Number of protein chains: 2
Amino acid sequence: MKLLEERIVADAIVGEGDVLKVGSFLNQNIDIDLLDACANEFYRLFKDEGITKVLTIEASGIAAATLTALKFGVPVAFAKKSATSNVVGAVYCAEAYSYTHKKNNNILLPCSYLTDSDKVLIIDDFLARGAALNAMITICEAAGAKVAGVGILVEKTYQGGGDAVRKKGIKLESLARVASLDVENGVTFAK
Amino acid sequence: MKLLEERIVADAIVGEGDVLKVGSFLNQNIDIDLLDACANEFYRLFKDEGITKVLTIEASGIAAATLTALKFGVPVAFAKKSATSNVVGAVYCAEAYSYTHKKNNNILLPCSYLTDSDKVLIIDDFLARGAALNAMITICEAAGAKVAGVGILVEKTYQGGGDAVRKKGIKLESLARVASLDVENGVTFAK
């Protein structure tokens, strides 16, 4: 999506160690008009898939997933990264390694929030190696729900997580596809 | 708000130890029409306050804050509960005790996400003793920003956090005001 790619060029910060910071407009501090345009684009891309549920993972996926769910008029659920007193009883659980936090997370979703008749649109802000995304797909499979689509704001195509999921036959669309990151030369997008 | 109170009566689970679970429709799994109606109500209540920014805290406040920001057409930011590689440089920091997680959290917001010209609407899902809310107010004060309002989905009025903030002269509105919780008799709302 041109609007998102242009904003990344203008305002994202490229750091050492393959770091792309979009916190000032897309993530921790959100330009609501930009994110709303992204949600509209997800609706356009997946509106024929019969979506009954939007699924994401806390915390930075929640804003995009919520606006997307509003467009579809379906519920949104988010998997949690730790067990709390609010997550008890029967839960789906899958392991995801977080490269940001440098540890394994068990992501958790109460079983009652997903059924075998759901057609799920998974939404997340970033996709690199795909650890969080694959954990969400595992949870959908455990529930017998169909992954009807995956919508990502920013994909690092060179890390391969997206293509691995596409090879499973899952429709995955990213609004900005980053082909390379360089502290001096900035961001290059995939064509 | 009658719609929210009725839904709490119908679907919330009251547990031992003053626990009110709304995860199935308001929090981890979200009825998007209900949350959108709540966001419209926040807009009605605060539309004359000149709001320039919506502020919340991860994770369960993000969905409500995002939909509310959409109504106002202003950016939304969320404070984080832990430092990650995405939160570096100058940050505002305030301490908040989490009764859910039973530990002290330092909540963090990069300084650049809040300015002394901002009129902030703080949004959160729950208000009990007010630890998270007071930490967000502290961050606004540190930034020199004005707390122009506080919007809460569910307030436990008997725990006093809300009234303590109202006494500071801050306009605080809760859409459901729980006066008592009882495993046998359920929820009673304040009049």
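Let me begin with the core: the largest nonpolar core holds 82 residues, and the members that touch the most others are Ile8(A), Leu20(A), Ile8(B) and Leu20(B). Please keep in mind throughout that this is a predicted model. To give one of those four in detail, the residues that Leu20(B) touches, leaving aside those up to four places away in sequence, include Ile8(B), Ala12(B), Ile13(B), Val14(B) and Phe126(B), and also Val154(B), Lys156(B), Val178(B), Leu181(B) and Val187(B).

Now to the two chains together. How is chain B laid on chain A? A turn of 180 degrees with a shift of 0.0 Å along the axis does it, and the RMSD is then 0.0 Å. The two copies are therefore related as by a two-fold rotation axis. The same surface serves both copies, in that 100% of the contact residues of chain B recur in chain A. Each side is counted separately, with 38 residues from chain B and 38 residues from chain A taking part in the contact.

As to what the interface is made of, the two chains bury about 3000 Å² between them, and 60% of that lies on carbon and sulfur atoms. How many salt bridges are there between chain B and chain A? The count is zero, whereas twelve residue pairs are found in polar contact across the interface of chain B and chain A. On the side of chain B that touches chain A, at least two residues each come from strand E3 (29-30), helix H2 (32-46), helix H3 (62-72), strand E5 (76-79) and strand E7 (103-110). The largest share of that side, six residues, is supplied by H3(B).

Let me stay with H3(B) for a moment, since it can be followed residue by residue in the model. The helix is mostly covered, nine of its eleven residues being buried, and among them are Ile62(B), Ala65(B), Leu67(B), Ala69(B) and Phe72(B).

Ala77(B), in strand E5 of chain B, counts as buried because its relative accessibility is 0%, under the 20% limit. Its contacts beyond four places in sequence are Gln28(A) and Asn29(A) on the one hand, and Lys53(B), Val54(B), Leu55(B), Thr56(B) and Leu109(B) on the other. Of these, Leu109(B) is 32 residues from Ala77(B) in sequence, yet the two C-alpha atoms are 8.3 Å apart in space. The second residue, Asp36(A), is in helix H2 of chain A; it is buried at a relative accessible area of 16%, and it touches Leu67(A), Lys71(A) and Leu70(B), again not counting residues up to four places away.

Next, some points about the backbone. Most residues other than glycine have a negative phi, and most peptide bonds are trans. Against that, the bond from Glu58(A) to Ala59(A) is cis, with omega near 0 degrees, and a cis bond also joins Glu58(B) and Ala59(B), with omega about -5 degrees. Ala59(A) sits in the loop between strand E4 (53-57) and helix H3 (62-72) of chain A. Asp18(A), although not a glycine, has a positive phi near 65 degrees, and Asp18(B) has one of about 65 degrees. Asp18(A) lies in the loop between strand E1 (13-15) and strand E2 (19-21) of chain A, where it is partly exposed at 28%.

I will finish with the charged pairs, of which the whole structure has 18 as salt bridges over all chains. Glu41(A) pairs with Arg44(A), the closest N and O atoms being 2.8 Å apart, and both are in helix H2 of chain A, three residues apart, about one turn of the helix. Lys171(A) pairs with Glu49(A) at 3.2 Å between the closest N and O atoms, and this pair links distant parts of the chain, 122 residues apart. Buried or partly exposed, where do Glu155(A) and Arg166(A) fall? These two form a salt bridge, with the closest N and O atoms 2.8 Å apart, and the pair joins strand E9 to helix H5 of chain A. Glu155(A) is buried, at 1% relative accessible area, while Arg166(A) is partly exposed, at 24%. Lastly, Arg7(A), Asp11(A) and Asp31(A) are linked in a network of salt bridges.

Notes. Residues numbered from 1 in each chain as written. Chains lettered and ligands numbered in written order. Predicted model: local features only at pLDDT ≥ 70, side-chain atom pairs only at ≥ 80, totals over all residues. Heavy atoms only, no water. Core = buried A, V, L, I, M, F, W, Y, C linked by side-chain atoms within 4.5 Å. Buried < 20%, exposed > 50% of the residue type's maximum accessible area, 1.4 Å probe, protein only. Contact = heavy atoms within 4.5 Å. Least-squares fit on C-alpha atoms with pLDDT ≥ 70 in both. Buried area = accessible area lost by both parts, 1.4 Å probe. Salt bridge = Lys/Arg side-chain N within 4 Å of Asp/Glu carboxyl O. Polar contact = N/O pair within 3.5 Å; in protein donor to acceptor, adjacent residues only side chain to side chain. Helix = DSSP H or I, 4+ residues; strand = E, 2+ residues; numbered from the N terminus.
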